[in-house]
Amino acid sequence: MLSYQRGRVSLQQYQLLLCSLYKIYEALEEALDTNASHDAVAPIYFPQELSRLESIGKDLEYFYGRSWREKMTISAAALRYAQRLREVGRDHPEYLVAHAYTRYLGDLSGGQVLGRITQKSLGLKSGEGLSFFSFPAVSSPNLFKQLYRSRMNSIELTEEQRSGVLQEAVTAFELNIQVFNELQDSLSCVSDTENEMRQRHTQHKQSTTAAAAVCEALQSSSSLVPRFLRTLLGVFVVLAVGVVYAF
């Protein structure tokens, strides 16, 4: 989704990301809260250290104002992701381990780099609109990730449950890909519209000049997403593999 071309991101791209993440974390943290005492969830339940929903809400209010809930744009993929999280919380709470690990440790890892890129790209002052990337209750991300993995390793599961958690890790990975792909597609449509408007604006110029402008626009839009996606999805691959080794 995000066109972090040359380490940059636009305001629209970041807003779309925040909207999708809000729905995902709304479902995830609701499921974790509901199942906080479950044997498989309790060891990895760190609401004070990891909860993201309130932080994302602050960022959305910063960009959209107090009526941010009415202005949100949610992708269908994010809604499917949220629905899956609710199903897991209701039917297989132990599967929440895979989703929590994938999301939260991804935020603690690659999210910190993305936060710096976002701050620089949008010219944001320290902390403004960047609460999602901040974990004030985690003094050392590396030490906390070690703690989290040790807690996860302590969870006792049957062979059937272990197999289910591993499969759910794959599902979590696929759902994240779908979210980013769909957001990428939506922004591609916007880019196409912008290109069309640019063409209309330059119709009075010679056809060769207009053609050159279109080619330049298309080349630019074609390189928007891959660099960021490779970085972020690479984090998810590592985390998915981590779940396999943990169980």
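How many nonpolar, polar and charged residues does the lining of the second largest cavity have? Let's find out.

## About the model

This is a predicted model, where local features need pLDDT of at least 70, side-chain atom pairs count only at pLDDT 80 or more, and totals for chains, interfaces and linings use all residues. Residues are numbered from 1 along each chain as its sequence is written, and side-chain values use heavy atoms, with hydrogens and water left out.

## The second largest cavity

A cavity is a set of points, on a 1 Å grid over the protein atoms alone, where a 1.4 Å probe fits but cannot get out; lining residues have an atom within 4 Å of a point. The count comes to 3 cavities of 30 Å³ or more.

H1 (11-34) and H2 (47-50) each supply at least two lining residues; helices here are DSSP runs (H or I, at least four residues) numbered from the N terminus. H1 gives the largest share, 3 residues. And the opening question? The lining has 7 nonpolar, 1 polar and 2 charged residues (Ala, Val, Leu, Ile, Met, Phe, Trp, Tyr, Cys and Pro count as nonpolar, Asp, Glu, Lys and Arg as charged, the others as polar).

## Two helices side by side

The axes of H6 (residues 96-108) and H8 (residues 141-153) come within 11 Å and cross at roughly 170°; axes are lines fitted to C-alpha atoms over the stretch in contact, with angles running from 0 to 180 degrees between N-to-C directions. That makes H6 roughly antiparallel to H8 (angles over 145 degrees).

Definitions and conventions: 1 Å grid on protein atoms, 1.4 Å probe; cavity = no way out; pocket = protein on both sides within 12 Å on 5 of 7 lines; lining within 4 Å. Points joined across faces, edges and corners; volume = space filled by probe spheres on them. Parallel < 35°, antiparallel > 145°, perpendicular 65-115°, else oblique.
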